[in-house]
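Work through the exercises below with the sequence and the model at hand. Each task is followed by a solution in steps.

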Amino acid sequence: MPACAPPHADHPRSPHRSAPGRRRAFPVEGADLSASIAVFLIALPLSLGIALATGAPLRAGLVAAAVGGLVAGRLGGCPLQVSGPAAGLTVVTADLIQRYGWRTTCGITVLAGLVQLGLGCLRVARGALAVSPAVVHGMLAGIGVTIAVAQLHIVLGGSPDSSVLANLRALPAQLAHLHPAAVSMSTLTLALLLAWPRLPGRAGRLLRRVPAALVAVAGATATASLTGLSLPRVDLPSWRSHALAGLPQGPALGIAAAVLTTTLVCSVQSLLGAVAVDKLVAARPGPQSRVGRSHLDRELLGQGAANVVSGALGGLPVAGVAVRSTANVKSGAVSRNSTMLHGVLVVVAALLTVPVLEEIPLASLAALVMAVGIQMVSLHHIRSVTRHREVAVYAATALGVALLGVLQGVLLGVAVAVALALNRLAHTRITHEMREGVHHLRIRGQLTFLAVPRLSRALHLVPQGAHAVVELDGSFMDHAAYESLQDWRSAHAARGGTAELRGRRGGIRTAGPITSSTECRCRPWTPWRDHRSCFVAASGAPAGRELARGIGSFQRNTAPLVRGELARLAREGQRPAQLFLTCADSRLVTSMITASGPGDLFVVRNIGNLVPLPGEEHGDDSVAAAVEYAVDVLGVRSITVCGHSGCGAMQALLTAEPGGAGTPLRRWLRHGLPSLARTTGDRDAGPRFDRRAPADAVERLCLANVVQQLEHLRAHAPVARALARGELELHGMYFHVGEAQAYLLDGAGEGAVFEKVTGGDEVHTPV
């Protein structure tokens with residue numbers, strides 16, 4: 001498959017593959033149909049309003065909405081993101097139209113789409129996520145202020161200027177010459193926008209299903225028509241006179257800057273929107289097996305294709321739209337069909353409802369877009385950047401976008417962000433004080449090679465043989481600082497002193513006095529490598545003493561870091577999302593291989609990761625009880641059975657003699673006999689890896705055992721009920737200990753395949 005070709009929706013490794021047994025060409029679920037209608041009702045007035053705000057032909061907004069739904073919806077990598085004309089592109093597009101005219105702006109949109117296609121082929125989509133959130137939020141705030149100030153003039157019955165400053169200077173004169181009809185329709189629109197989502201009672205809950213934007217514009221339109229008010233309205237000329245894209249005409253440098261700006265805003269807004277949609281989908285109740293995580297490079301390709309088509313057809317630039325995407329997710333959409341159906345509905349409306357659309361007052365659309373602009377200045381974002389001490393970046397970007405332009409404002413924000421980062425990196429405060437005979441050194445800020453000379457001077461203030469505590473209050477330590485600290489610590493211990501390194505925040509951490517070379521060297525702040533057992537007793541010391549030493553290390557180092565989270569879990573109770581059933585082998589550290597923490601997994605471990613069938617002779621109720629508790633009481637949404645390489649239980653099954661002694665271990669391993677039966681016969685049959693064959697008979701049995709135990713799980717009544725209700729997913733996993741490599745099960749039965757997890761954007765389909 002070429003590097004720049006998006007995976008087909010039915011490709012076996014596609015994150016958006018159809019569910020088994022549902023391979024119709026265009027399956028439409030009821031949830032998708034209702035969601036598409038809800039999104040369409042929001043998109044129609046907003047598309048017209050954004051076109052009005054840019055100064056483009058109003059039909060261009062409808063073209064962009066239709067293309068965004070059909071092209072980006074079909075080709076994009078985020079199935080539930082809805083694309084179309086976005087408020088974030090309003091300022092950029094308005095400036096391009098004023099400078100170069102409409103047809104050249106369409107040509108710039110086409111070129112921007114081609115650049116997006118190139119970036120998607122290069123697979124650089126995730127690079128957009130490296131932009132500081134303060135810059136992105138500041139850019140949106142600056143665009144929002146520009147939109148709101150410009151549309152305020154239309155709301156008052158006038159016409160806006162090209163810049164924020166000019167609009168602000170003209171505002172007093174505009175207030176002195178109000179247009180009563182425009183002001184009244186704008187006021188009605190804003191009142192409905194604010195009041196509709198707050199309707200009380202049961203009737204209010206039913207009415208709130210109709211989008212507030214549609215109600216506001218429809219209410220103003222109906223009022224204006226019934227009262228016979230004279231004011232400017234939507235004008236949609238014949239499609240025969242619709243202007244298509246032309247070759248860009250103007251200075252080459254200016255055209256290049258315009259293409260770069262359009263590409264930047266479209267790409268960043270769409271990719272960040274895709275990430276936000278993933279979070280909304282993950283937070284939605286119920287299993288999300290049919291909605292995979294976004295493939296960002298494919299999303300960039302889809303957005304690029306949409307901009308090429310939209311620009312060529314005379315439409316506005318296209319990007320992912322937060323308002324419509326949120327409505328799509330919250331309306332229960334389950335596939336990309338909802339996005340595409342919304343595009344079809346826009347096409348139908350553009351062709352058949354022109355007389356109705358031409359009754360809409362322009363002042364009502366301006367009020368709608370002004371409200372969207374005001375909402376782009378988010379108080380939540382302001383609180384977030386304040387908490388992270390990035391107000392300067394946010395303010396510089398917002399002011400730069402509003403006063404200088406989008407590209408200039410973004411570059412200014414990036415420059416301020418870089419300067420702020422360098423300032424934080426270069427400023428380190430080191431203090432030394434003595435309390436109760438202990439020397440305390442506190443290091444605030446990032447510890448880099450620039451601070452090593454001052455660090456060395458402070459460390460040498462500690463006399464030989466003294467006890468010292470070094471508190472690291474920062475989030476980064478480079479290699480030079482690390483070596484300096486460790487060298488001093490070793491030298492200080494060699495001279496009879498003791499040193500304790502503490503980390504107050506979740507970045508740089510180490511602790512414990514230096515005592516002997518037998519102490520466990522596993523530290524929360526260093527990589528987990530060259531590990532040896534922490535509990536190997538030195539000089540014949542009891543193993544229990546080594547265990548106590550490990551517990552003491554936890555109390556010193558880890559307990560202060562997790563105490564707050566554990567206190568919250570103690571108050572609220574556990575709510576794990578997954579039951580993880582695996583082997584008792586000491587080499588399987590579940591929290592490490594799943595990157596999970598307290599409260600994430602409900603773990604059941606036994607010899608051979610076995611699940612006895614219910615009611616079976618010599619059964620074991622402990623596993624069944626754990627499954628029942630996890631499903632019926634905790635309400636877990638998925639169960640994973642995890643096998644591993646070199647499993648001693650599987651080796652014992654292969655070498656056991658029939659009818660052996662009835663020891664507890666032998667009786668327990670009888671639950672694995674169905675797994676052993678799966679491996680008899682054709683060596684090439686049975687579960688396998690996607691890229692290689694099982695290494696030996698033990699590995700074949702380990703894979704077959706995972707598949708067999710999943711079948712045993714389905715026989716348990718709580719699991720069967722939850723699966724029937726669509727509230728539970730079953731997953732299979734295999735961990736190769738020697739390679740530190742995880743494999744996820746795809747498919748079931750004899751055709752089951754364990755696919756290698758590479759750390760990218762894989763989406764695991766439940767079995």
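**Exercise 1.** State the mean pLDDT of the protein chain and find stretches where the pLDDT is below 50.

*Solution.* The model is predicted. Its protein chain has a mean pLDDT of 82, and 85% of the residues reach 70 or more. Next, look along the chain: the pLDDT is below 50 over residues 5–26, and also over residues 504–540. Beyond near neighbours in sequence, residues 5–26 have 41 contacts in the model, while residues 504–540 have 69. Where pLDDT is low, predicted coordinates should not be read in detail.

**Exercise 2.** Determine how the axes of helix α1 and helix α12 are oriented, and list the residues that make the contact.

*Solution.* Start with the elements: α1 spans residues 30–54 and α12 spans residues 322–330. Their axes come within 9 Å and cross at roughly 170°. Angles over 145 degrees count as roughly antiparallel, so α1 is roughly antiparallel to α12. On the α1 side, the contact is made by Ala35, Val39, Ile42, Ala43, Leu46, Ser47 and Ile50. Helix α12 contributes Val323, Arg324, Ala327 and Asn328. Sorted by type, the residues of this contact comprise 8 nonpolar, 2 polar and 1 charged.

**Exercise 3.** Is Gly343 buried or exposed, and which residues does Gly343 touch?

*Solution.* First place the residue: Gly343 lies in helix α13, residues 337–352. The relative accessible area of Gly343 is 0%, so this glycine is buried. Leaving aside residues up to four places away in sequence, Gly343 touches Ala65, Ala66, Gly69 and Leu70. Finally, compare sequence and space: Gly343 and Val71 are 272 residues apart in sequence, with 8.8 Å from C-alpha to C-alpha.

Technical notes
Residues numbered from 1 in each chain as written. Predicted model: local features only at pLDDT ≥ 70, side-chain atom pairs only at ≥ 80, totals over all residues. Heavy atoms only, no water. Axes fitted to C-alpha atoms, helices over the stretch in contact; angles between N-to-C directions. Helix = DSSP H or I, 4+ residues; strand = E, 2+ residues; numbered from the N terminus. Parallel < 35°, antiparallel > 145°, perpendicular 65-115°, else oblique. Contact = heavy atoms within 4.5 Å. Nonpolar A, V, L, I, M, F, W, Y, C, P; charged D, E, K, R; others polar. pLDDT = per-residue confidence, 0-100. Buried < 20%, exposed > 50% of the residue type's maximum accessible area, 1.4 Å probe, protein only.
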